[in-house]
Amino acid sequence: MMDPAIDRVLTRWSPERQERARAVLAAYPERRSTVMPLLYLASREHGYCSREAMVEVGKITGLTSIQVESVASFYSMYRRQNVGKYVISVCTSISCFLRGADDVLAAIEDETNTPDGETSDDALFSVEHVECSGACGGAPAVAVNWELIEGVLPDKGRALCQWLKDTQPETVLADEMQALFGGQQSFDWGIAEPQGATSHVPAFERYDSAGDAS
Amino acid sequence: MADTPQPELVTITLNGVDTEVRKGQLLIDAAEQAGTYIPRFCYQNRLKPVGLCRMCLVEVEGPRGTALVPSCTQPCTEGLVVDSENAVVHKAQEGVLEFLLLNHPLDCPVCDKGGECPLQDHTVAYGPGESRFVEEKRHYEKPIEISDLVLLDRERCILCARCTRFCDEISGDSLIEFVDRGNGTQILTFFDEPFASYFSGNTVQICPVGALTAKPYRFRARPWDLEAIESISMVDSVGSKVSVQTSQNQVLRINGVDSDTTNHGWLSDKDRFTLQAIHSEDRLRVPLVRKDGELVEASWGEALELVAERLGSVRGDEVAGLGAARSTNEEAYTFAKFLRSVVVTPHMDAQLDDALSDEFLAATLNRAEINDLETAGTILVWAGDLKEELPVLYLRVRRAATILGATLIVIHPRRTGLSDVADHVFTYRPGEGADTLRRLKAGDGPFAEARQALDSGPVMTIVGRTGGAEDPRLAESVAAFARTLPDAAIMPLARRANVYGALDMGVSADLLPGRVSVRDTEGRTALEDAWGPLPEGRGKHATEILQGLKSGDLKALITLGADPVGNHPQPALAGEAVESAEFVVSLDTLLNATSARADVVLPVAGFGESEGTATNLEGRVQKLNRIIPPPGQARTTWSVLDDLARRMGATLGAHDAETIMKEIASIAPAYAGIDWALLDWGEGRDGVVLPGPDGTQPLQHMPVETSVTATTGRFTLHLGRVLYDNADVVRNSPSLDVLVQPASAAFHPRDLAVLAVQPGDSVRLAGDYGTVELAVRADESLAEGTVYVQANMDNSRALGASLIVQVDAVRGEGS
Ligand code: SF4
Ligand code: FES
Ligand code: FES
């Protein structure tokens, strides 16, 4: 039996996300275990992991709002501030740093007119530096909405920003961006993932656990 | 009470000495019991161990050599070899402290905790003395007000999680948590939502540093200037152990003291912060006598002469007494003796007909102790909302349900503080309780599982009036059923601090001191031997007393810490009674709605100001201590009554509280063998559960089932209590008074639709005893046909406690 409190929250969500949330809830014996996938769904619904999003997840999971925030604030991928359409994450950990990541970051900050950690006035870009993206073999690495591009040099970084500004794609695709702006790649070990990303909120399509692809 | 089985023992070697300890006991506790204190921050004996802070590291021998392990998570096993004092351990302790002090400010001179701070103390005892950290410490905005009662200085926090674990495990109000876990971990509330918990003060008490401080105490004193004395809380009838801390005759702080039998160290914020009322400017300091319609100051001599003369001018049985439910046993006993043997009247009541019958409360068969919750298989709570009425008992029930795994059944007209942790929750419309009971007994429909659970004992049943308008006989019917359940233990509830004691002292129309019925001729004769001839027959109860005063059958009223005008279920009757009485004398600490209309008001000593004993809801007698003098000319109740008796030509022999207790022990059968030495505070001493060591209980009350007829009427009233109401003690505690929310009228949303009102609109409620207008609220947990109103509020009091109420929407002008 679905708790009426859950229904009250979910019926405010889009039908697809409602359905996804119910599937997530069905997959766990304890309601509180669903807090993380639901935070992604709520973030999608609200654009980011807003106060309202955390309150809603609390109501669904039976946790208090602050308990939800305690989880959300631990992970940097739950955005508790609103971000731009494209979140550009420049890796500045050791391998990328050695391969000139600081210059890449500076170029991207300059091209988007957005300092590290901030969002552009037109809400198109958020720029951030991140710790190791797991692409050391293809350093320096840059990700747009978690779609990874390897071997990005400063001028390619600028070109990437320009391209995003001009074309403003709804979906960004790693392979496409790699071909346009990438350089040296680490060996290709990943599972082909042709889905792409439509926002900064990750979508775990394959595992039926969170997010959504659209 | 169930016997605890003998624990299995094992031998460990602690610092080279073989020591017998309980198998499985945590090493940190076992060592402490053996006299070796291991320093700690995160471990608190009433919370689950988490092993967070590493302050309690000890060296333990294992198959692959020695290792440092946290003693707060290490269970004792046979042959465990432990060193808690060697160089390796000291090095670890120094390291932990050096790390903690990286960010902890050295602002002890301006910190409330300074002088009683575990971090300060441990640093002195086990710390490195110097830090190698020269960089900047963390800084935060400080302090932030996380509630009206609690302030937070985040930079002092050492992340022990005691406060968050208390909220999660014990109180269930998880409103503070760690956020930004990582380098910037801090305790916070959710945005601007306050840490609004009835138990917030406990986090302040257990915080091992000065990160959480209580607003009412902050910067008021230094711990080394405080004198502390143990006593028990007189806020409600749980009898929680407290430490009352004073400086220069001012009570500045009340902390909980760990007691296995009652509060486990916890208090409600009401227990903790109503100390402000002790020093209220409005405390009565001099006797007042009415002259030309005004209460004016008078000397004790003048006031007492007047009272003696007026009481002497009417027949004894034209006088009635109300109160003593907040007095000590010694005071209550003197009151009963004064009324029965000096005034010679049988009319007296410690209650205001707002809880259960005197015999049921004082002498039910199968009476439970709080600790029966520890062994209960199933717990049935069919009473007021415990979180609102008896918060510490709520904590104990919650513990049984969440930590000890008892099956919890809660039956109440709406959702209660326990609903979230209960296995079975039933709500019903007030007036339909008898039918609900019938269905529960039969295991009818939705009751089937709960009924089955009641077959697995021991079954502890907590019964009380769910609300002011409910028939008190329902609770007895529930108890009559509960007695038939396996290993039944029954706890009938009343709320006022020493109401059980006052009844035991015979402040009752039905009872003589020591749990003797007034109908018990043998008991009566025995009492007459001591007190002289007693008035004939059964006396009048509170409502009958008020009716008698109104009709003129009774002429005079003596109140002792009671306010019938403010608190009786029929406020208009109480008001008329006091108006029509020829003479009213009030013994009290504050002026209330009744004493303000009295002819004479006598100021008496209150909590912390007089010594004595009190008896809690399980019949446990505990000692109350005196730590400050009463204000102004206020005197102890017994000395006032003793003086009065003398002026009326009699003697009470009430010279001091201890002598009175000796007299009680010799006269009241249930109290035989009790003396103050027996009640002395000390390790593992928690007073005495009655009957006393040489005691007997002549009256054995058998709860009976009465068929209470179902009500008719469109709406029935649930008049439920909330913790912070407009009671005098709250009104005189500024820190709590701001938390009081005015009463409203709550309905199920479908009823709102039928009434065509919206939340925020007004309705007029008209009952048998009065009419009020209240704002409307929606409450889905109510059954249709119920209106829920918070009791004892300035804007709801006039309604009284009538079961059936007429509800009409109040339409504003022009709509
Ligand atoms: S505020 Fe106090 S009790 Fe809470 S985690 Fe910090 S140090 Fe521990
Ligand atoms: S350091 Fe940049 S991907 Fe590993
Ligand atoms: S007291 Fe043992 S780890 Fe904190």
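Me: Where do I start with a predicted model? What are the ipTM and pTM of the complex?

Reply: Start with confidence. Where pLDDT is low, the predicted coordinates should not be read in detail. Here the predictor gives an ipTM of 0.91 and a pTM of 0.95 for the complex. Chain B has a mean pLDDT of 95. In that chain, 99% of the residues reach 70 or more.

Me: Next, the domains. How is chain A divided?

Reply: Check whether a domain is one stretch or several. In chain A, domain 1 takes in 4-79 plus 203-207. Domain 2 covers 86-181. The centres of these two domains of chain A lie 29 Å apart, taken over C-alpha atoms.

Me: And which domains does chain B have?

Reply: Chain B has domain 1 (9-85), domain 2 (301-355 + 498-626 + 636-689), domain 3 (359-492) and domain 4 (715-810). Look at domains 2 and 3 of chain B. Their centres, over C-alpha atoms, are separated by 31 Å.

Me: How many residues of domain 2 of chain B are in contact with domain 3 of chain B?

Reply: Count both sides of a boundary. Here 13 residues of domain 2 of chain B meet 12 residues of domain 3 of chain B. On the domain 2 side, helix H16 (residues 499-504) of chain B gives the largest share, three residues. By class, that side has seven nonpolar, one polar and five charged residues.

Me: How do I read a nonpolar core? Which residues touch the most other members of the largest one?

Reply: In soluble globular proteins, nonpolar side chains tend to be buried together. The largest nonpolar core in this model has 223 residues. Ile379(B), Val381(B), Val397(B) and Val507(B) touch the most other members. Helix H8 (residues 329-343) of chain B gives the most to this core, eight residues. A second, separate core has 31 residues, among them Ile108(A), Ala139(A), Val144(A) and Ala174(A).

Me: What is Val397(B) in contact with, leaving aside its neighbours within four places in sequence?

Reply: Setting those neighbours aside shows what the fold brings together. Val397(B) contacts Leu373(B), Ile379(B), Val381(B), Leu386(B) and Leu418(B).

Me: Is Tyr40(A) buried or exposed?

Reply: Count neighbours; 20 or more C-beta atoms within 10 Å make a residue buried. Tyr40(A) is buried because it has 25 C-beta neighbours inside 10 Å. Tyr40(A) lies in helix H3 (residues 35-46) of chain A.

Me: And Ile94(A): where is it found?

Reply: Ile94(A) is in helix H6 (residues 94-98) of chain A. Its count is 13 C-beta neighbours inside 10 Å, so Ile94(A) is partly exposed.

Me: Which peptide bond near Pro143(B) is cis?

Reply: Look at omega. The bond from Lys142(B) to Pro143(B) is cis, with omega near -20 degrees. Pro143(B) sits in the loop between helix H3 (118-126) and strand S6 (144-145) of chain B. Another cis bond joins Gly457(B) and Pro458(B), with omega about -10 degrees. Pro458(B) is in the loop between helix H14 (448-453) and strand S21 (459-463) of chain B.

Me: Last, phi. What is the phi of Asp353(B)?

Reply: Asp353(B) is not a glycine, yet its phi is positive, about 55 degrees. Asp353(B) lies in the loop between strand S17 (348-349) and helix H9 (358-363) of chain B. Asp353(B) counts as buried because 20 C-beta neighbours lie inside 10 Å. Asn792(B) also has a positive phi, near 55 degrees. Its place is the loop between strand S35 (786-790) and strand S36 (804-810) of chain B. With 18 C-beta neighbours inside 10 Å, Asn792(B) counts as partly exposed.

Notes
Residues are numbered from 1 along each chain as its sequence is written. Chains are lettered from A and ligands numbered from 1 in the order in which they are written. This is a predicted model: local features need pLDDT of at least 70, side-chain atom pairs count only at pLDDT 80 or more; totals for chains, interfaces and linings use all residues. Domain bounds come from an automatic or database domain assignment. Helices (H or I, at least four residues) and strands (E, at least two) are DSSP runs, numbered from the N terminus. A residue is buried if 20 or more other C-beta atoms lie within 10 Å of its own, exposed if 12 or fewer, and partly exposed in between; C-beta atoms are placed from the backbone. pLDDT is the predictor's confidence in each residue, from 0 to 100. Two residues are in contact if their C-beta atoms, placed from the backbone, lie within 7 Å. Ala, Val, Leu, Ile, Met, Phe, Trp, Tyr, Cys and Pro count as nonpolar, Asp, Glu, Lys and Arg as charged, and the others, Gly among them, as polar. A nonpolar core is a set of buried Ala, Val, Leu, Ile, Met, Phe, Trp, Tyr and Cys residues joined through C-beta atoms within 7 Å.
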